[in-house]
Amino acid sequence: MSIVIYTDGACSGNPGPGGWGALLLWNGHEKELSGGEEETTNNRMEMMAVIKALEALKKPSTLDLYTDSKYVLQGATEWLEGWKAKGWKSANKKPVKNQDLWQQIDSLIQMHSVTFHWVKGHAGDENNERVDKLAVAAIPKG
C-alpha cells in the first residue's frame with residue numbers, strides 16, 4: 001500500500017518563529033500533523049514536517065512524499081549520500097547545515113521506500129496549499 005505525504009514549513013522572519021505541517025493520505029484515510037518552534041529557520045521547518053510525517057508511520061511503507069522545498073528534495077535525493085561519505089562535510093569542506101535533522105531524515109527514510117516529488121508552492125496544488133495553511137497556523141504567535 002502506498003502512502004502519499006505532503007509537507008511544508010513556514011517562518012515569520014528567517015530566522016524567527018516557524019511552523020510545519022504534514023498531510024498523510026492512505027486508503028481513503030487522512031491525517032494532519034503540525035507544530036511550531038519559537039526560533040528556527042524555514043529550512044528547518046520544511047525538514048521537521050518530513051521528520052514528523054515519517055515518525056507517524058507505524059510500519060515500513062512505500063511512500064510518495066511531496067514537498068515544495070528544493071532544499072529538502074535535493075538534500076534527500078542528491079546530497080545525503082555524499083555528506084555521509086565525507087563525514088558530514090559539504091562540498092566546500094564545511095560542516096553540513098542542519099546535520100541533526102538530516103541525520104534524522106536519513107535514518108527515517110532507511111525504514112521506508114520513499115520517492116520524493118517536488119511540487120511548485122503556491123501554485124494551486126490543493127494538498128500543498130493545505131499543508132501550507134497548517135504550517136502557517138502552527139507558527140507561535142509570540
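These legends describe close-up views of a predicted model.

**View 1**
Five strands make up an open sheet, ordered E3-E2-E1-E4-E5, with mixed pairing. E3 and strand E5 (113-118) are the edge strands, and each has a single partner strand, so one side of each lacks a neighbour in the sheet. On average, neighbouring strands of this sheet are turned by 20° against each other, direction ignored. Strands of a sheet pair through backbone hydrogen bonds, in either the parallel or the antiparallel sense.

**View 1. Strand E4 and its two partners.**
Strand E4 covers residues 62-67 and pairs with E1 in the parallel sense over six bridges. Ile3 has Leu63 of E4 as its bridge partner. Tyr6 has Tyr66 of E4 as its bridge partner. E4 also pairs with E5, in the parallel sense and over six bridges. There, Asp64 stands opposite Thr115 in E5.

**View 2. The two faces of E4.**
Side chains alternate along E4. Leu63, Leu65 and Thr67 point to one face and are buried.

H1 has 14 residues, which should span 20 Å at 1.5 Å a residue; the end C-alpha atoms are 20 Å apart, in agreement. Its buried residues are Met45, Glu46, Met47, Met48, Ala49, Val50, Ile51, Ala53 and Leu54. The cover over these buried residues includes the strands E1, E2, E3 and E4, together with helix H2 (70-85) and helix H3 (99-110).

Helix H4 (residues 126-137) has twelve residues. From its first C-alpha to its last it reaches 17 Å, close to the 16 Å expected at 1.5 Å a residue. Buried in H4 are Asn127, Asn128, Val131, Asp132, Leu134 and Ala135. Seen down the helix axis, the buried residues of H4 fall within an arc of 160°, so they line one face. An α-helix has 3.6 residues a turn, so residues three or four places apart point the same way. On the other side of H4, the exposed residues are Glu126, Lys133 and Ala137. The buried residues of H4 pack against strand E1 (2-11), strand E2 (16-26) and strand E3 (29-40).

At the start of H4, a side-chain oxygen of Asp125 comes to within 3.1 Å of the backbone nitrogen of Asn127. Asn128 is also found in H4. Its relative accessibility is 1%, so Asn128 counts as buried. Leaving aside residues up to four places away in sequence, Asn128 touches Tyr6, Thr7, Asp8, Asp68, Val119, Lys120, Gly121 and His122. Asn128 and Tyr66 lie 62 residues apart in sequence, with 8.0 Å between their C-alpha atoms.

Pro15 lies in the loop between E1 and E2. The peptide bond from Asn14 to Pro15 is cis, with omega near 10°.

**View 3. Two residues with positive phi.**
Most residues other than glycine have a negative phi, and most peptide bonds are trans. Asn98 is not a glycine, yet it has a positive phi of about 60°. Asn98 lies in the loop between H2 and H3. Its relative accessible area is 16%, so Asn98 is buried. His122, also not a glycine, has a positive phi of about 55°. His122 lies in the loop between E5 and H4. At 57% relative accessibility, His122 counts as exposed. His122 is also one of the residues that Asn128 touches.

Definitions and conventions:
Residues are numbered from 1 along each chain as its sequence is written. This is a predicted model: local features need pLDDT of at least 70, side-chain atom pairs count only at pLDDT 80 or more; totals for chains, interfaces and linings use all residues. Side-chain values use heavy atoms; hydrogens and water are left out. Helices (H or I, at least four residues) and strands (E, at least two) are DSSP runs, numbered from the N terminus. The expected span of a helix is 1.5 Å times one less than its number of residues. Buried means under 20% relative accessible area, exposed over 50%, partly exposed in between (1.4 Å probe, protein chains only). The arc is that of the directions from the helix axis to the C-beta atoms. Contact means heavy atoms within 4.5 Å. A polar contact is a pair of N or O atoms within 3.5 Å; within protein, one must be able to donate a hydrogen and the other to accept it, and residues adjacent in sequence count only if both atoms are side-chain atoms. Two strands pair if DSSP finds at least two bridges between them. Axes are lines fitted to C-alpha atoms, for helices over the stretch in contact, and angles run from 0 to 180 degrees between N-to-C directions.
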